[in-house]
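Morning, everyone. Please bring the model up on your screens. I'll take you through it in a few minutes.

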Amino acid sequence: MRLERQDRFHELEPLLGKVLHPARYLDHEWGAIEQQDGPFHVCMIYADTYEVGQPNLGIAILYNALNAAEGISCERAYLPWTDMSALMRERGVPLLSLESSSPVASFDIVGFTLAHEMVATNIVETLDLAGIAVRASDRDEDDPIIIAGGPSAWNCEPLVPMFDAVLLGDGEEEIVDVARCVRDARAEGASREEILMRLSQIESIYVPSLYDVVVNEGSTRWGYAVPKEGTGAPDIVYKRCIPSLADTEPVAQRMVPYMGIVQDRFAIEVLRGCARGCRFCQAGMTYRPVRERPAEQVIEAVEEGLAMTGYDECSLSSLSTTDHSQCAQILTALNEKARKSGVRVSIPSQRLDSFGVDMASAVSGARRGGLTFAPEAGTQRLRDVINKNVTEEDLERAARNAFEHGWRRMKLYYMMGLPTETDEDIMAITDTARRVLEIGREVCGRVRKGKNGVSVTISVAVFVPKCYTPFQWVGQLQRDEVRRRQQLLLTSNKDRDIHISYHDSDVSVIEGALSKMGRAGFDVVLGAWRNGCRFDAWSSEFSYEGWIEAGKALGYDLEEIATESFDLDARLPWDHTSPGVSKGYLKREWRRAIAGVTTPDCTMTSCTGCGVCPTLGVDNQIAGDRHVG
Amino acid sequence: MSGKPPIGRPDLNRLRVMFRKDGRLAYLGHLEVINTIERSVRRAKLPFSVGNGFAQRMRIQFSQALPVGAASRAEYVDVYLTDRIDAKEAFERFAESSPSALAPVDAAYVQSRMPALEAWLTRSLWQVRLLGTGDDFSASHLDESLEALRGVGHIDFMRGDKPRTIGLDTTLVSWDVADGATEGGFSAIDMRLETRSSNLGALRPAVLMEAAFKRGELGGSVLDSLRVERMGQWHEGEDGSLIDPMAAELRI
């Protein structure tokens with residue numbers, strides 16, 4: 001039932017003194033748009049706590065785009081922590097938006113960011129707390145239209161029973177199209193069914209209820225989606241793609257939170273997309289092509305953003321910032337401006353070569369904390385399988401360069417459970433760490449432990465195969481085998497200056513299952529939520545049993561689902577929602593992976609035939625000349 | 001976090017800003033207030049001084065932490081500026097760059113050779129509204145309970161999961177209580193409370209009230225919530241006189 005739009009902060013306020021971190025619920029941040037006159041109202045939700053959701057650049061971009069559109073207002077909401085949601089339910093207070101403290105169930109459109117798979121039960125919880133029917137099919141005519149989009153939308157099937165529409169690809173233009181379509185249709189008195197039909201005719205908008213799931217011998221057990229007859233919905237919905245990042249608003253993040261948030265700094269998107277072609281990386285495949293924001297625009301926008309927000313740190317954000325063809329130019333200019341005002345510039349990760357270290361050097365000024373590299377796999381053979389185009393020499397040169405520049409702590413990211421991985425690949429991780437440590441001791445002096453401060457930390461994630469990657473057909477490594485290899489890694493290390501940490505294999509099983517399942521998987525999500533699962537991305541809250549039991553009750557073994565491999569020719573549950581990368585290319589890449597053959601980056605050499613540019617009518621947009629490692 | 005006091009740096013200008021904290025922002029914690037004010041200073045483009053330390057922090061000092069949920073009419077911050085811009089102009093720029101619920105009330109340059117605000121401001125006046133239920137929930141019972149507590153001389157309480165003790169001999173200066181008009185179905189008590197802090201600690205109104213309501217005098221009552229507002233802060237001189245942090249004799 002659509003609730004009345006009215007300010008209900010007075011119902012929330014008495015609860016603020018009784019919960020942890022009341023600043024999560026305050027609103028009125030510097031830069032928040034308080035004027036919310038509408039008359040058409042959208043609420044964007046990141047279904048996690050405020051401090052996790054507020055730094056999300058995607059929501060900031062959509063918030064600005066919607067609020068800039070004539071007659072449309074956009075507010076935000078986050079999922080209250082369990083202490084607050086319990087009190088709200090006890091006192092009959094529904095989930096409220098931040099800006100106007102109106103019930104989320106009073107909005108015209110409610111949008112969710114699909115930031116990762118483990119957000120699933122939080123979306124159920126958010127809808128339930130808002131008093132909105134969890135299943136789209138149970139909603140009334142005048143209920144809000146519930147939409148979703150974001151990096152994890154490529155296999156959205158296990159979640160789509162909750163959504164009226166899913167937006168694929170770059171959101172800044174399509175979300176305004178969606179809002180206008182719903183607004184106009186409502187104004188004409190169109191039925192909910194008619195509104196959804198109209199949405200399905202917009203480029204890059206997937207309306208799940210207009211598709212049937214067919215399971216047959218040519219599919220996996222989860223089937224594939226086909227448009228219902230007579231709906232006119234497209235067989236394949238392709239993503240929206242902004243041709244040029246330079247044409248978008250560079251200063252997206254205008255809001256300054258009161259509480260400490262996970263990335264508490266001004267962030268600017270310096271490029272979108274990455275064509276390095278790492279075969280495990282979903283973002284690398286789904287955000288193509290590469291579009292750089294020109295250096296002058298970045299520099300100007302950082303200056304404007306810092307003045308507007310008062311932040312003392314800015315982050316140059318992207319999938320691979322040091323690949324920006326004008327990276328050095330940008331950093332030099334920003335450091336020059338920042339030096340006098342105590343402003344820090346940071347980049348999220350370093351390229352694994354000397355250029356990466358030079359760039360890290362340029363951003364850090366006098367600061368020399370830890371430096372992070374991601375070799376991802378222990379041996380050259382396995383790095384070739386995953387197309388991580390770095391060599392042992394690259395890593396050693398980069399490490400030497402970093403130690404010589406004054407760094408003492410090195411962090412190395414790896415994955416475990418990659419296709420074709422053997423014990424030898426695992427043992428090689430420690431060998432590499434030992435070599436890096438040796439280089440550090442050689443450069444910094446071989447003194448007794450603790451004196452030179454040289455150390456190496458290895459962080460090992462469990463590889464989860466994702467759709468629209470060359471590894472999408474692969475089954476995940478069994479949980480017991482992951483644990484055996486983790487133990488193998490631990491026992492292979494004897495040096496106290498090498499620290500090893502690894503991810504929880506239980507969480508990876510659930511993430512793997514959610515990445516593989518089709519629409520029928522939603523019943524598992526709902527069952528897990530009924531079993532009390534919330535905030536699954538928080539290790540303190542995650543309940544493996546809650547998920548496993550939910551699967552069992554429906555006759556599913558979630559570990560079996562996660563570890564199942566798919567036939568290369570099978571129709572896949574996500575074939576109808578495409579980022580533009582062709583299946584032929586992914587199959588080719590899979591075969592090259594098995595053969596250990598690498599594929600170059602098309603922004604540094606020539607086209608590698610992924611299919612994105614011709615399918616979407618776009619092209620790489622490189623501002624200068626790319627620096628080959 | 002704020003920088004260390006720039007002792008021996010008479011070249012810097014110590015701009016003292018009095019500000020309020022009210023409305024929703026009463027629920028900000030001290031660290032959140034510090035971050036917000038520092039960002040307001042940056043947005044105002046005040047010529048703030050940056051420390052020489054590793055972290056390059058702004059040179060800024062705050063008065064004592066206000067509890068989460070407490071409003072205030074009189075919080076103070078000293079910002080050290082490299083240029084002496086007109087205090088009125090600094091005030092206006094600061095006001096334009098601040099959230100309205102953390103807005104400045106006054107600003108003036110003060111003597112640079114004075115102790116840091118946090119240690120120097122030792123006296124606070126609080127206005128507290130208590131909402132609760134029960135037959136014993138009254139100003140007279142609260143008064144009796146506070147008298148008895150003063151007799152005990154200290155309060156044992158928990159901060160998070162850590163046990164703490166605060167002495168009342170010096171920290172609890174005086175109080176006045178009166179029954180207030182009922183609010184939202186709750187009975188109300190209004191209290192004016194004066195406290196004194198030292199390097200041994202500061203007495204928080206919520207800690208005092210929690211202890212008072214644990215005692216027998218208020219046994220037949222339930223405290224539902226507190227509304228706390230700091231009305232003023234002063235330095236207490238050796239002769240017991242109270243010095244206003246914005247007093248004319250401190251301004252330069």
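Let's start with overall size. A compact globule of 252 residues would have a radius of gyration near 18 Å, and chain B has 20 Å, which agrees. Keep in mind that this is a predicted model.

Stay with chain B. Its C-alpha trace spans about 60 × 40 × 35 Å along the principal axes. What is it built from? Chain B has six helices and eleven strands. Of its 252 residues, 38% are buried. Now look at contacts in chain B between residues at least 6 apart in sequence. Of these, 75% join residues at least 24 apart.

Next, where the chains meet.

Last stop: two helices in chain A. Two packed helices are described by the angle between their axes and the distance between the axes. Here we have α14(A), residues 423-444, and α15(A), residues 479-491. Their axes come within 9 Å and cross at roughly 35 degrees. The crossing of α14(A) and α15(A) is right-handed.

Which residues meet there? From α14(A), A:Asp423, A:Ile426, A:Ile429 and A:Thr430. From α15(A), A:Arg485, A:Leu488 and A:Leu489. The residues of this helix contact divide into four nonpolar, one polar and two charged.

That's the tour. Thanks.

Note on methods. Residues are numbered from 1 along each chain as its sequence is written. Chains are lettered from A and ligands numbered from 1 in the order in which they are written. This is a predicted model: local features need pLDDT of at least 70, side-chain atom pairs count only at pLDDT 80 or more; totals for chains, interfaces and linings use all residues. Axes are lines fitted to C-alpha atoms, for helices over the stretch in contact, and angles run from 0 to 180 degrees between N-to-C directions. Helices (H or I, at least four residues) and strands (E, at least two) are DSSP runs, numbered from the N terminus. A crossing is left-handed if the near helix is turned anticlockwise from the far one by less than a right angle, and right-handed if clockwise. Two residues are in contact if their C-beta atoms, placed from the backbone, lie within 7 Å. Ala, Val, Leu, Ile, Met, Phe, Trp, Tyr, Cys and Pro count as nonpolar, Asp, Glu, Lys and Arg as charged, and the others, Gly among them, as polar. The radius of gyration is taken over C-alpha atoms; the globule rule is 2.2 Å times the number of residues to the power 0.38. A residue is buried if 20 or more other C-beta atoms lie within 10 Å of its own, exposed if 12 or fewer, and partly exposed in between; C-beta atoms are placed from the backbone.
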